[in-house]
Amino acid sequence: MAAESLSYPWWLRITHWFNFFFIILLFRSGYEIIMTHPKFYWNDDATPGDEWLRVGDEERSTDFDKEVIDGEDIWAAEDEIDPPSALISLPGRDAVGMGRHWHFWGALGWTICGALYVGALFVSGEWTRLVPTSLDIFPQAANALASYAQLQIPHAAGYNALQQLTYFSVIFILSPVMILTGIFQAPAFRAHFPDWFGANRQLNRSIHLIGFVAFNVFLFGHVALVAAHGFWSEMGKIVLGSSAASTDLTIALTVLGVAIVFGFAAFATWISLKRPYLTQTALEIGVDPLLRKLFQRVSSVDDDDRAFESEFARVNGKPPRNDEYRRHYEDDFEEWTISVDGLVENELELSNEELREMNKQEYIARHDCIQGWTYYAQWGGVPLSAIIDRCEPTEDAEWLVFWTLDEKWEYSEDGEFEEPDPEVPDFYYEAIRLTKAEEPRTMLAYEMNGGDLPVAHGAPYRLRIESQLGYKMAKWVTRIEFVEDFDDIGKGNGGWRDDVLHYYPNSADI
Ligand SMILES: Nc1nc2c(c(=O)[nH]1)N[C@H]1C(S)=C(S)[C@@H](COP(=O)(O)O)O[C@H]1N2
Ligand SMILES: [Mo]
């Protein structure tokens with residue numbers, strides 16, 4: 001083997017190890033995210049039964065009565081979660097919020113590492129090893145593949161054609177595809193660019209999954225071939241820079257490196273489960289401001305390319321069953337009011353009549369849940385901006401807190417929370433930024449698909465905010481409170497799901 005002609009510069013060796021470190025975190029947290037909705041579709045109707053890939057064989061009926069409170073057959077999308085094992089996934093159990101914090105943190109680290117690597121590749125001139133310069137690469141790669149198939153190691157100075165082609169594809173095709181299909185899943189992104197391929201969340205999600213599988217195949221194939229080429233001499237190159245390096249030192253450093261990567265992976269699970277808020281806060285440093293920067297200019301648009309709604313809309317959060325909501329339900333919600341208070345010049349108590357006399361807005365939009373599913377529906381209601389004009393927020397007001405009549409009985413009844421947490425409000429609430437509330441497509445909806453808003457979707461009023469994830473869109477809303485910040489509300493995370501459930505981020509743009 002003429003591999004002696006290959007020596008690896010220090011920057012290549014370091015970025016290779018960091019790459020390994022971040023990839024392990026991305027694989028594990030990605031798996032966590034997948035399992036919150038282990039179903040894959042090609043279009044954003046995401047109709048149950050239309051999956052091209054589904055883990056588990058659970059089929060769910062789509063014909064249940066969304067108008068009733070006690071519909072025993074109502075299922076929520078949360079019932080479709082398949083909690084993964086903490087051995088594989090990060091953090092494990094049912095914790096998509098935390099999985100996402102790790103995933104975004106890992107993605108940022110991995111992207112920076114990759115950018116440094118590619119930069120160094122070109123500056124140093126090493127790129128010629130990787131970037132094919134002639135079409136002969138294809139027949140040569142086929143020959144190399146044939147040798148491997150006969151369990152022979154192809155001879156080449158430097159990388160053989162198959163290696164070159166594979167590494168090139170992973171670095172210059174697969175990696176950018178993963179970054180882009182990740183970003184394109186953001187509701188904020190679609191809201192801004194509704195008319196092109198990037199706006200199909202399920203397509204991007206599916207490609208992202210296929211890329212994930214491709215990365216796994218590459219990783220295992222890569223390690224297998226390293227072993228076939230002579231494990232310790234190959235490791236000598238990536239650890240110390242030369243295949244002639246001391247084998248003892250190579251072994252010691254490899255064991256150390258692998259121990260650090262897997263040790264950190266174990267630590268990541270442990271700290272996430274033990275100190276979730278600390279972990280969340282640490283992982284949000286740098287990442288959250290960056291995501292906000294990336295998406296802050298993205299506001300929802302008025303045009304949409306879809307003229308019709310989806311056949312079926314999933315539900316998340318089951319209708320309240322408390323006496324107060326029941327009374328309103330039996331009364332056709334006639335006495336329901338929306339109170340507007342907090343940091344406002346004019347406190348309001350808006351009746352159904354008053355709300356229907358205000359501007360009415362209607363549009364079709366895609367709903368994006370943090371779990372990954374989507375649907376299109378038509379919404380009708382009062383733009384939040386009309387309510388803002390009327391109540392006149394004071395200068396200090398920065399957030400709107402939407403309070404609801406939803407006691408989240410399904411969580412206490414399932415025994416998931418043995419005792420209510422005294423720090424968490426008794427009812428579902430979510431906070432959104434005032435700037436988000438002022439977007440043209442943020443509304444208090446009272447109609448869906450041309451009829452009254454069904455009970456299961458939040459009757460009589462629910463928030464719609466088209467550039468964010470579903471959990472921000474509180475259903476069964478009774479009160480809008482304007483505040484400067486939400487530190488003193490609940491556990492201070494900006495919402496019920498943010499407080500209680502899976503450490504959902506309070507910036508819900510992606
Ligand atoms: N009151 C209340 N609002 C809620 C929820 C909830 O559990 N309770 N779930 C949220 C989540 S996670 C999603 S995805 C959307 C789902 O809206 P839909 O049921 O109308 O499809 O509602 C959001 N609003
Ligand atoms: Mo959701």
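Modeller: In what follows, Ala, Val, Leu, Ile, Met, Phe, Trp, Tyr, Cys and Pro count as nonpolar, Asp, Glu, Lys and Arg as charged, and the others, Gly among them, as polar. The model under discussion is predicted.

Colleague: How do the residues lining the second largest cavity divide by class?

Modeller: The second largest cavity holds about 80 Å³ of space. Its lining consists of Arg 100, His 101, Phe 104, Leu 283, Glu 284, Val 287, Asp 288, Leu 291, Pro 505, Ser 507 and Ile 510. Sorted by class, these are six nonpolar, two polar and three charged residues.

Colleague: Which elements give two or more residues to the lining of that second largest cavity?

Modeller: Among the lining residues are Arg 100, Phe 104, Leu 283, Glu 284, Val 287 and Leu 291. The elements that contribute two or more residues are helix 2, helix 8 (276-284) and helix 9.

Colleague: Are helix 2 and helix 9 roughly parallel or roughly perpendicular?

Modeller: The axes of helix 2 (residues 96-124) and helix 9 (residues 287-296) come within 10 Å and cross at roughly 80°. Angles of 65 to 115 degrees count as roughly perpendicular. The relation of helix 2 to helix 9 is therefore roughly perpendicular.

Colleague: Which classes of residue make the contact of helix 2 with helix 9?

Modeller: Helix 2 contributes Phe 104, Trp 105 and Leu 108, and helix 9 contributes Val 287, Leu 290 and Leu 291. No polar and no charged residues take part, and the contact has six that are nonpolar.

Colleague: Which residues are the closest to the centre of the largest cavity?

Modeller: The structure holds four cavities of 30 Å³ or more, and about 240 Å³ of space lies in the largest. The lining of this largest cavity divides into eleven nonpolar, five polar and six charged residues. Of the 22 lining residues, the closest to the centre are Asn 316, Gly 470, Tyr 471, Lys 475 and Arg 497.

Colleague: Which strands stand at the edges of the five-stranded open sheet?

Modeller: The strand order is 4-3-12-7-8, with mixed pairing. At each edge a strand has a single partner, so one side of it is left without a neighbour in the sheet; the edge strands are strand 4 (348-351) and strand 8 (429-433).

Colleague: Which residue of strand 12 is the bridge partner of Phe 402?

Modeller: Strand 7 (residues 399-404) and strand 12 (residues 477-483) pair in the antiparallel sense over six bridges. Within strand 12, the partner of Phe 402 is Ile 480.

Colleague: What angle does the direction of helix 12 make with that of strand 4?

Modeller: Helix 12 (residues 384-391) packs on the sheet and touches strand 3 (337-342), strand 4, strand 7 and strand 12. Its direction and that of strand 4 make an angle of about 135°.

Methods: Residues are numbered from 1 along each chain as its sequence is written. Chains are lettered from A and ligands numbered from 1 in the order in which they are written. This is a predicted model: local features need pLDDT of at least 70, side-chain atom pairs count only at pLDDT 80 or more; totals for chains, interfaces and linings use all residues. Side-chain values use heavy atoms; hydrogens and water are left out. Axes are lines fitted to C-alpha atoms, for helices over the stretch in contact, and angles run from 0 to 180 degrees between N-to-C directions. Helices (H or I, at least four residues) and strands (E, at least two) are DSSP runs, numbered from the N terminus. Angles under 35 degrees count as roughly parallel, over 145 as roughly antiparallel, 65 to 115 as roughly perpendicular and the rest as oblique. Contact means heavy atoms within 4.5 Å. On a 1 Å grid over the protein atoms alone, a cavity is a set of points where a 1.4 Å probe fits but cannot get out, and a pocket is an open set with protein on both sides within 12 Å along at least five of seven lines; lining residues have an atom within 4 Å of a point. Grid points are joined across faces, edges and corners, and a volume is the space filled by probe spheres set on the points. Two strands pair if DSSP finds at least two bridges between them.
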